[in-house]
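Subject: Structure for you to look at

Hello,

Please find the structure below, with my notes after it. Have it open while you read.

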Amino acid sequence: MATLVSILLSVLMAAVVFFYVIVMGNFSGAAWVYGLFLIYLFARMTFAEQHNKGSGVKYRRIFQIVFAVFFCISFISRLFAERGSMAITSGAMTNSEIPFCHIAIPQVLLPFTITRDIIFPARVSGHYASIASMLCIWLALTFTIGRGWCSWVCFYGGWEEGFSHIGKKRRLNLLAKNKEIREFQFGFFAFIVLASLGAMSAVYCEWFCPFKLVTEFSPMNTIPGLIAGVIFIGLFLSLVVVLPILTKRRTQCSTLCPFGAFASLTDKASLFSVTIDTQKCKGCMKCASACPFGAIDTDTIQLKKGRPELTCAKCGECIHVCSEKAISYSFRFTAHCKKPEAKNNFERTLQLFLEPAQLFRFAAFSFGVIMSDSFVVDSLSIIFSQITHFSK
Amino acid sequence: MNLKLLLEALALGFSTGTYCTMYCAPVLIPFLCGTEKSSYKRNALLTGTFLGSRLIMYFILGAVFSALGLLVTEFFDPVLARRLSVYAYILCGAALLLNSFGAHSAHTGCNCVPLKRIGNDWVTAALAGLAVGLHLCPPLWTALVRSVFGGNGASGFFYFIFFYIGTLPFFLPLFGIPFITKRIAVVKQIARITQMLTGIYFVVFVGLIPLFFY
């Protein structure tokens, strides 16, 4: 029965991939390669989960890392095609042609509410990364996977995901500092929102975004530009490379990212959450050590809160390491409802198919497919064309 | 003074009060949320101190301009306004940082008595209010220009006071801060972090960097 459900889910995902990747990619070779890779990844994840709860998490990691790397290849190549460099030109600034990314959303909302001005120099609609399209994506994800975006879709988070799995051993344990780190993230978030309102500019993008290094940046031909550059490089090296390697955690996502903090606050509106069965939990703290977002503390377990802290990104790492199978995905609004007993095989299959874990993984992966298709197919086309060029 | 002019002043303040929110919210929200003793009365008095100091700075600016013989109807120097803004950010950031390190750090503040004294909540509210008053925003300049049309000093004074009163409704939500901080204890700690970061941002990024390099 479980196999049947896995096959059914994989077929449905294949349909999603076929439409969004292969058809939208004009049936190109790159689109077929990426489409088949996605179908394989999802099928492996679903079958692994049926076999051993939580074991599909490694396929999520692979997807996110691949998306992050190919996103940057595609994004940078588009910048070079349009501007000839990764540096932001004055023309792009004055014509509002700076691509708008999801991290800028929390900075834009409050100034827009108060003054009706959009403080980010991007197009409102029509551009592939316009403000309207990003806001629509944000709304859709808020009501479905919530902060699951950070661990399943975010094309920046994939860098940290990769670096945090380079080392075998954790050399720096931040578990005891989880609470302080969370407070800092929300403090930094409030600072970014208020400072953006005061300065009427996207303060995080101007001074503190580590991912400028792998996307676009202000030209370093002035002293302030140079200072900003040094900050971007320092933050990228420390929070995206070194600390994830040492701590095996996503340090930028859990300390500095304003969108992460914002998504944590709006996550209450999402359909899915992670719950801890306090009856089954033995208090081994493996989940707390494994959590890349520092969302499980000693207090979470000892006080039997029954759920991770606010910053949980639903990555599934805790589910994977829990030997008691005490952690699982659940529907947020029906968590306390009793499941009706299935009377026949059809009802049992239907119940298995509609399990929150299955639906969450399907929704999150679909989001990933839709977000990644054009970037990855674009990058693969570039790589294939380069290989063909050199082989001639 | 005619009623029409006073109503105009109120309407001008009320319609442009969002500018005040933009300049004051980053200072007042973290500061009021992070104060040690949180009560409705103390919160209201601190807000009042801040707003009073801001008004005093406007009168100081008015007095200085008139002493220099500058007519507001003829004189508006954007470079001077920008320069004053930079000083405002540095002064305000320094006040917030002194408060962070003097009164807020590690539960009770540091052991340095002078720092604790200069960084206490009342001094911070007054200094920050004076500093924010240095921002010459367009609505303020409009109010200054319109205030001279009253024909005499008293009417100009009242025009400006009514303009200022018109902006005050935007500060009413601040009176609810103790309601939140008493119920969600972690807000206080988060606000202190925000205040410190805002202080650093004001001093370095919108203060010293523009002062020396723009």
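**Helix α13 of chain A**

The buried residues of α13(A) are Pro258(A), Phe259(A), Gly260(A), Ala261(A), Phe262(A), Ala263(A) and Ser264(A). A residue is called buried if 20 or more other C-beta atoms lie within 10 Å of its own, exposed if 12 or fewer, and partly exposed in between, with C-beta atoms placed from the backbone. Helices (H or I, at least four residues) and strands (E, at least two) are DSSP runs, numbered from the N terminus. Helix α13(A) covers residues 258–266, and seven of its nine residues are buried, which makes the helix mostly covered. Its buried residues pack against α5, α7 (148–152), α9, α10 (203–208) and α12 (251–255) of chain A.

This is a predicted model, in which local features need pLDDT of at least 70 and side-chain atom pairs count only at pLDDT 80 or more, while totals for chains, interfaces and linings use all residues. Residues are numbered from 1 along each chain as its sequence is written, and chains are lettered from A and ligands numbered from 1 in the order in which they are written.

**Where chain A meets chain B**

The contact takes 20 residues from chain A and 20 residues from chain B; two residues are in contact if their C-beta atoms, placed from the backbone, lie within 7 Å. On the chain A side, α5 (105–115), α9 (178–199) and α11 (223–247) each supply at least two residues. The most comes from α9(A), with 12 residues. By class, this side of chain A has 15 nonpolar, four polar and one charged residues. Here Ala, Val, Leu, Ile, Met, Phe, Trp, Tyr, Cys and Pro count as nonpolar, Asp, Glu, Lys and Arg as charged, and the others, Gly among them, as polar.

A residue to look at here is Phe191(A), which lies in helix α9 of chain A. Phe191(A) is buried, with 27 other C-beta atoms within 10 Å. Not counting residues up to four places away in sequence, Phe191(A) touches Thr194(B), Leu197(B) and Thr198(B). Phe191(A) and Gln107(A) are 84 residues apart in sequence, and their C-alpha atoms are 9.9 Å apart in space.

**Domains of chain A**

The domain assignment of chain A gives domain 1 (1–86 + 355–392) and domain 2 (90–271); such bounds come from an automatic or database domain assignment. The C-alpha centres of the two domains lie 23 Å apart. In the contact between them, 19 residues of domain 1 meet 19 residues of domain 2. On the domain 1 side, α3 (57–83) and α18 (356–391) of chain A each supply at least two residues. Helix α3(A) gives the most to that side, with 11 residues. The residues of the domain 1 side divide into 14 nonpolar, two polar and three charged.

**Nonpolar cores**

A nonpolar core is a set of buried Ala, Val, Leu, Ile, Met, Phe, Trp, Tyr and Cys residues joined through C-beta atoms within 7 Å. Of the 149 residues in the largest nonpolar core, Val21(A), Leu28(B), Cys92(B), Ala128(B) and Ala131(B) touch the most other members. The largest share of this core, 12 residues, comes from α9(A). Domain 1 and domain 2 of chain A both give residues to this core, so it lies between them. A second, separate core has 10 residues, including Ala9(B), Leu140(B), Tyr159(B) and Phe163(B).

Leaving aside neighbours within four places in sequence, Val21(A) is in contact with Ala31(A), Tyr34(A), Gly35(A), Leu38(A), Val369(A), Asp373(A) and Val377(A).

**Two lysines with positive phi**

Lys304(A) is not a glycine, yet has a positive phi of about 50°. Lys304(A) sits in the loop between α15 (298–302) and α16 (317–321) of chain A, and is exposed, with 12 other C-beta atoms within 10 Å. Lys325(A) also has a positive phi, near 55°. Lys325(A) is found in the loop between α16 and β2 (327–331) of chain A, and counts as exposed, with 12 C-beta neighbours inside 10 Å.

**Chain B**

The secondary structure of chain B comes to nine helices and zero strands. The C-alpha atoms of chain B fill a box of roughly 55 × 40 × 25 Å, taken along the principal axes. Buried residues make up 40% of the 214 residues in chain B. Of the contacts in chain B with a separation of 6 or more, 81% are between residues 24 or more positions apart.

Regards
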